[in-house]
Amino acid sequence: MRGNALQDAEEWGKDKNLSYQDKQFLAASREQEIQEEIAAKEKEAQLERERKDREATESRNLLLTEANIKAKRKIRNGSIFVLLALVVTATLGIFTEKQINKLASIENEVKTVQKLSQLAGDLRNDNQESASDEALRIAGLSFRIKDRNLKLSMLLASMSRAYQSLGKKNEAKENITESLEYLNQVGNQISADERIRVELLIRYMINDYQEAFNLIQAYPNEINPFKDNQIITVQDIESIHLELLKNKISERLRLKVEASLKQHHYAELNNLLASKKWQEADAKTALIIRSYLFCSDIKKLDEIWVKHSQGRFGFSVQKKIWLEHANRLSVTQFIEKEKKNFNDFLSQIGWYEQGYEDIIEKITKDGYKKGNAGILPYSLHFGNVVSSFSKSNPFYHYIYDLRQEPLSSAEILFSPKCRLNSLNRQIKFIWPAKGVLTSGSGWRWGRMHKGLDVANSVGTPIYASAPGIVAKAGWSKGGYGNLVEIRHPDGSMTRYGHNSRVMVSEGQQVRQGERIALMGDTGFSTEPTLHFEIHQAGKGEVNPINFLPSGL
């Protein structure tokens, strides 16, 4: 049943009680009709597609025929034009391939920058904000690097550093390897200066501090961090030195690194003062004094301050005003009448009425020429000392009792022992421990024994042989066991090994004769012993016997 007949039958049976077989027959008839309609429409659609395909084919054939006719016409115009067309076509093909390769390279760079930015986010989520900021800085710097291999090497080095900070050692190692591979592929399209600067940054980020330091020494002008638009920062240079000093290096290299770091600090101070960044320069001055404590350094610092302030700031300026108020140079104890002189001095240079923030704000706003003469340098702090005057007053460091604070500013700046034109004072060493001298400096057991050994019982006090600042305090891998190293004002260094207990910390200032450790037998030792060495500035280890008083 089809068409109208099926429709009439369905209409007639709506109100009739049809049997199950009749209902099934009508439903099957309707389903068959629907399927036939679908098949008819599909066939119609297929015919339409075939018709359009034929039309498209005819159209393509027509275009090809027209193109062929045009090509034949061009051929008739002369074979030279055909040859030229072939050359152009070949050139365009090569150009397209290069463009594809360039796009792929750019895509790789973008993905690498995105990955580094993602790692910066991970670092920030891990509360490592400084590491995160550094990663973002490198990502930004990468857009200034033209050579793609150099750029990728720098980005991967930064990613390696980020992974190290996140504790992912395997990923860090993989990125270091890949970074070095790209570095070795850098071509000659970039300037030598740019390559040196970026390579230094890469060496620093992959913890190759030795090679980074070598680059600093070999190319000081190219790596100068104070130049405009420089990718190397002042902090980068300082960190390379400090990280290298943490490693186990030879004494000769250590002295070289320390001298280079000192030179860098002075260069930074000069740059800060030339830029009139008074607060940063003040802080840098305090750091140099705490780090070196040489009389010649105090003189050099004074000259730099006087030069950049047209004679208004500096230690010599302060000293002149100090003397104008009838103050003594070497003060062991203030008498009552001197307190007024002291307050008059503070008032004249501007420390009495103004706090530090007020001083900096006034100089920055009004200019250094309108500030009080001698008001800077200000921030000098030499550890925990006791004074009858307020500790908030920085000048008490200048006039504090020399016998109680042997490396204070009073002794360095204003006492007759260290005038601004004096040389470094000669250190006089004392025996660092009581006991029996069991070994001197020289050949022992087939190798050179650097220093001397003093034996006694475990727990015997060890004393600082000279005043200075603790450079190292803790376990040493070089056989010394628990080790203390002290740097002294003349640039020399003393070393105390095999201690059972260390009683000072790095950066701490110690007086001559101050207890710094207890004797022990840690490290490569056969009995409770103090191993003691003296290293002179620029010369290395010397025989301590030649510098100690006669008799133990």
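Predicted model: local features only at pLDDT ≥ 70, side-chain atom pairs only at ≥ 80, totals over all residues.
Two residues are taken to be in contact when heavy atoms of each lie within 4.5 Å.

The protein chain contains 17 helices and 13 strands. Of its 552 residues, 43% are buried. Where contacts link residues at least 6 apart in sequence, 61% of them join residues at least 24 apart. The accessible surface of the chain amounts to about 30,900 Å², and carbon and sulfur atoms account for 51% of that area.

Among the helices, α10 spans residues 251-274 and comprises 24 residues. The distance from its first C-alpha to its last is 35 Å, close to the 34 Å expected at 1.5 Å a residue. Lys276, which follows α10, has a positive phi, near 60°.

Helix α10 also takes part in the packing around α8. In α8, which runs from residue 209 to residue 218, the buried residues are Tyr209, Ala212, Phe213, Leu215 and Ile216. These residues lie on the same side of α8, because the arc that they cover around the axis is only 155°. An α-helix has 3.6 residues a turn, so residues three or four places apart point the same way.

Ile375 is located between α15 (356-366) and α16 (396-399). Its relative accessible area is 2%, and Ile375 is therefore buried, the cut-off being under 20%. Apart from neighbours within four places in sequence, Ile375 contacts Phe313, Gln318, Ile349, Gly350, Trp351, Gln354, Ile359 and Ile363. Ile360 stands 15 residues from Ile375 in sequence, and the C-alpha atoms of the two are 9.7 Å apart in space.

Among the strands, β5, β11 and β9 form an open sheet in that order, with antiparallel pairing. The edge positions are held by β5 (461-463) and β9 (501-502); each has a single partner strand, so one side of each lacks a neighbour in the sheet. The antiparallel pairing of β9 with β11 (residues 515-518) extends over two bridges. Within this part of the sheet, Arg501 is positioned opposite Leu518 of β11.

Notes
Residues numbered from 1 in each chain as written. Heavy atoms only, no water. Helix = DSSP H or I, 4+ residues; strand = E, 2+ residues; numbered from the N terminus. Buried < 20%, exposed > 50% of the residue type's maximum accessible area, 1.4 Å probe, protein only. Areas by Shrake-Rupley, 256 points an atom, 1.4 Å probe, with all protein chains shown as cover. Expected span 1.5 Å × (residues − 1). Arc of directions from axis to C-beta. Pairing = 2+ DSSP bridges.
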